[in-house]
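Please study the sequence and the structure before reading each solution.

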Amino acid sequence: MTVQEIGTPRRRVEDARLVTGRTRWTDNMQPPGTLYVAFLRSPMAHARINSVNVSAAKSRPNVVAVLTGADFADEQGSLPCAWPVTEDMKHPAHPPMAVDEVRYVGEPVACVVARDRYAAADALEAIDVDYEPLPAVVDMEEALKEGSPLVHEDLGTNKCYTWVFENGDLDAAMRDAPVVIERRYVQQRLIPTAMEPRAVLCVPEGDDFTVYSATQIPHILRLMLATVTGIPEHRLRVVAPDVGGGFGSKLQVYGEEVLCLLLARRLGRPVKWTESRSEGNMAVHHGRDQIQRLRLAADRDGRIRGLKVDLLADMGAYLMLVTPGIPLLGAFMFNGIYKMDAYSFTCTGVFTTKTPTDAYRGAGRPEATFAIERLMDELAAELGLDPIEVRRRNWIRHEEFPYETVAGLTYDSGHYEAATDKALQLFEYDKLRAEQADRRERRDPVQLGIGVSTYTEMCGLAPSRVLGSLSYGAGGWEHASVRVLPSGKVEVVTGSSAHGQGHETAWAQIAADRLGVPFEDVKVLHGDTAVSPKGMDTYGSRSLAVGGVALYGACDKVIDKARKVAAHLLEADENDLEFSGGRFHVKGVAEQGRTLQEVAAAAFAAHDLPEGLEPSLDAEVTYDPDNFSFPHGTHLCAAEVDTETGMVRLRTYVAVDDVGKVVNPLIVEGQVHGGLAQGIAQALYEEAVYDAEGNLTTTTMADYLVPSAADLPEFTTDRTETPATSNPLGVKGVGEAGTIASTPAVVNAIVDALRPYGVRDVPMPCTPERVWRALQGDGAPEGGPQPGAAGGLGSVQGGDAQ
C-alpha cells in the first residue's frame, strides 16, 4: 500500500548534498583550459570615461587578455528590460560594460582574463582609467526637481515613467471624511545577499555554447542571451546547477553573463567568473527603495472609505529585466485584505546614480503590505480602537469569497477570521496587553509593544493574459512532463528551477501521490535547458502554484494513457476501470487488475497495444492559470523597547499562515522561517546606504548587517488551510509570505511601545539610534508614558474591543 505523500513532512532529499557542499555549484566546475575573469568597476557614481589604459595590465604574469567597453561596443548590445510599463517610458541603453560614461559605483569598465583568478584580480590594479567626474544623483525627490543633474543627459529628465491606477470616486470618499490619516513612509534600499554569490562559466563547443550560471531563470536567460549577443538560441544551452539562494537577485540577466559568453566566443576557451561578496553588494541588483505618500479616509466607526497612494520608486541608473514593473506588483496589494469604496495609485519611476533595483523577495508586495498595515495601526490609534478590532471591521469575511477587490483582483478564497483567532490564542494577546498596560502604569523604562500584520499577497505569477495587459514581455505559464520508464520508475521534468525551495522533494511527492508509486521511485530533473527545454522558471512564489499544478496535470495525462493500455490488457472497457494506489482494476472486481509498472512494461514491449496507441506512458502539460493565488495570514509580534537606549528586543513572534493545501509541512515551515528572517531584517537591521557623492558605504558584511540566528527570536508558527479554488491541487504559495507579513508586524510593535511618548513612526531599519532619536524628537512629558495614552486595549478574543 502506498503512503499518502501530499501533506507528509518528508525531509528534503536534496539536502544531503546541498548542506555538505558535495554537489555542483557553478564555482565548483573547472573544465580543462578554463580562463578566469575579473572586472574593474567604477569607483565613481557618475563620470565620463576619457580613456582606459590597459597596456601595463597586459604585461602582468598569466594574463591572457585585457578588454574595455570599447572592445565590446560592437557586440555587447544592451541588457534587456522585459517590462515597458507605459508607452512613453524612458528606457536608456544599458551596455554590459560601460563605454563612454559610468552611472553607478560598481559598473564594469574593463576586465582581465587570466589563467587563474588571482592573477586576473591582481592585474586590475594596473589598469589606468581617466574619469571626468559628473554630478551624482542620489535623492529621488531632488532628482525630479527642475535643474537637477541628469543621470542620462540624452533623456532630458530623471523621470522614467508615471503609472496610474484608479477605481471608485476617491474625491467623494475623501470629501468630509471624519478621519483622514496622512503618512510618509520610506522603504529603504536592500541588498539581497544570497548565500551563494553569483558565478558564471561559459564553455564553447564548436558553434555551440553551454552557459552555467547561478541563476533563477535558465530558460529566460537563454532567450535573452541570444537576443543580446545574436548567438542563435538553439546554439545556447543554459544550466542552473544547484543554486545557493536567490531571493530575486538571480532573477536577472546580468552584464557579467553576457560578457563571459562573449569572451568564451572570442577566446575559444571556457571562461569563468565568480563574484566576491563586496563586489556583489555593489553589482547585484538591489531591492525596495521607495518613498510612499499615503492618504487614508475613514468613518468614525473605523470603516475605510478610500486610499490614495503616491509612490516614488528608485530605478537606479538603468532598467534591468523587470525593474519598472516591480513597484506595480504592489499596486494591486495596497488595499490588503480590506474593503473600501475607492482607491488611487500613482507610481513615478526615478533614475538615480545608484545600482539598479529589481525583484527582491516579495517584489512590490512587502512595500504595499507595510503601508496598509502601518496605516491600520495609525487608524486604530486615532480612533482609540484596538488594532485587531479596526481590522475586523474592514476585512473581507470568509463568506464573501470570491471577492473582487477595489484594486481589481478576485480573491478566490480565504478565512482571515480563523487565522487571526488562532494567532491571538497562540500569542496570548490579552495577557500581553495586560502586561503592556501594567508597564505603562509603572512607567517602566522598558516598554512593551504589540504589532499586528494581517496580510494577503498575490503570487503564482501569472496568468499570461493579465501579464500581457500590464505590458509584461512574457507569459506566466509553466511546463512539466512525466516519463514512466519501462521498469515503472518515474522521471519528472519541470520548467521551474529550484534554488533552495525543495522542488526535488515536493514534486516527487506530488507525482508519487498522483501515480500511486513509491516516493523513492520518482526522480525530478530541472535547471537545464537541454533536459527541460520549456519553462518560465522560479520567482514570485509561482513554483508550486503554477509548476506543481502543471506536474499534476501531466500525471493525469499519464493515467489517461495508461488506462487505455490497462483496459486492453484486461479486455475491459476503459470506462469500467478504476485507478487507485497505483493500480487499475475493473470496478467491483478488485482482484482483477494491473499495476502502473505492469502497464509501463507492456507499453515498452509494445507487443499487444490498442490500435493507434503510441508505445510510451510519457505526457507533458503547459499550464497557464486562470488567476493568481492569494495566501494570507496573521502575524503578531511583541517587542520590548528600552526607552533609555533605543534597544529593541523581539520577545514573542507568532505567525499563522494560510497557504492553501500543503504538500510538505517541513518545507512550508522552512520557507516561513526564512521569510520571517528577511522581513525582520528589513525592520531592524538591513539598509544599503549611499553618501551624497553616490558612494555605497555598505559594501561588506561588516557594514551591511544581515542578522544571524542569534539576532532573531524563536518563532511560533501554525497554519489554517483554505484551499485555493483556482487550481486542482488547492495550493497557493509560501515563498514570500513571511517576508511580506513580518516587517509591518515588527515596526507596528515598536511604534506601539512608543506611542505614549508621541512617536508615530520610526524609520527603517529601527536601529537603537533611530529609536532613541524618535524619542528625543517627539518625547512625552518628563517622567515617561502617561497611563492610558494608547487607548482601546480591552479584550478582543471574543469580539469587539471594550
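**Exercise 1.** In what order do the 3 strands of the open sheet stand, and is the pairing parallel or antiparallel?

*Solution.* The model is predicted: local features need pLDDT of at least 70, side-chain atom pairs count only at pLDDT 80 or more, and totals for chains, interfaces and linings use all residues. Residues are numbered from 1 along each chain as its sequence is written, and side-chain values use heavy atoms, with hydrogens and water left out.

Step 1. Strands (E, at least two residues) and helices (H or I, at least four) are DSSP runs, numbered from the N terminus. Two strands pair if DSSP finds at least two bridges between them.

Step 2. The order is 4-2-6, and the pairing is antiparallel. Strand 4 and strand 6 (128–133) are the edges; each has a single partner strand, so one side of each lacks a neighbour in the sheet.

Step 3. Between strand 2 (residues 47–53) and strand 6 there are 6 bridges in the antiparallel sense. Within this pairing, S51 has D130 of strand 6 as its bridge partner.

**Exercise 2.** Determine which strands are joined to strand 12 by 2 bridges and by 4 bridges.

*Solution.* Step 1. Strand 1 (residues 35–41) runs parallel to strand 12, with 2 bridges joining them. Here L35 is opposite V271.

Step 1. Buried means under 20% relative accessible area, exposed means over 50%, and partly exposed lies in between (1.4 Å probe, protein chains only).

**Exercise 3.** Describe the surroundings of T86 and of F165.

*Solution.* Step 1. T86 is in the loop between helix 3 (69–72) and strand 4 (101–102), whereas F165 belongs to strand 7 (residues 159–167).

Step 1. T86 counts as buried because its relative accessibility is 15%. F165, at 18%, also counts as buried.

Step 2. Contact means heavy atoms within 4.5 Å. Not counting residues up to four places away in sequence, T86 touches Y161, T162 and W163. With the same exclusion, the residues that F165 touches include F332, Y343 and V406.

Step 3. The side chains of T86 and D88 make a polar contact (2.9 Å). A polar contact is a pair of N or O atoms within 3.5 Å; within protein, one must be able to donate a hydrogen and the other to accept it, and residues adjacent in sequence count only if both atoms are side-chain atoms.
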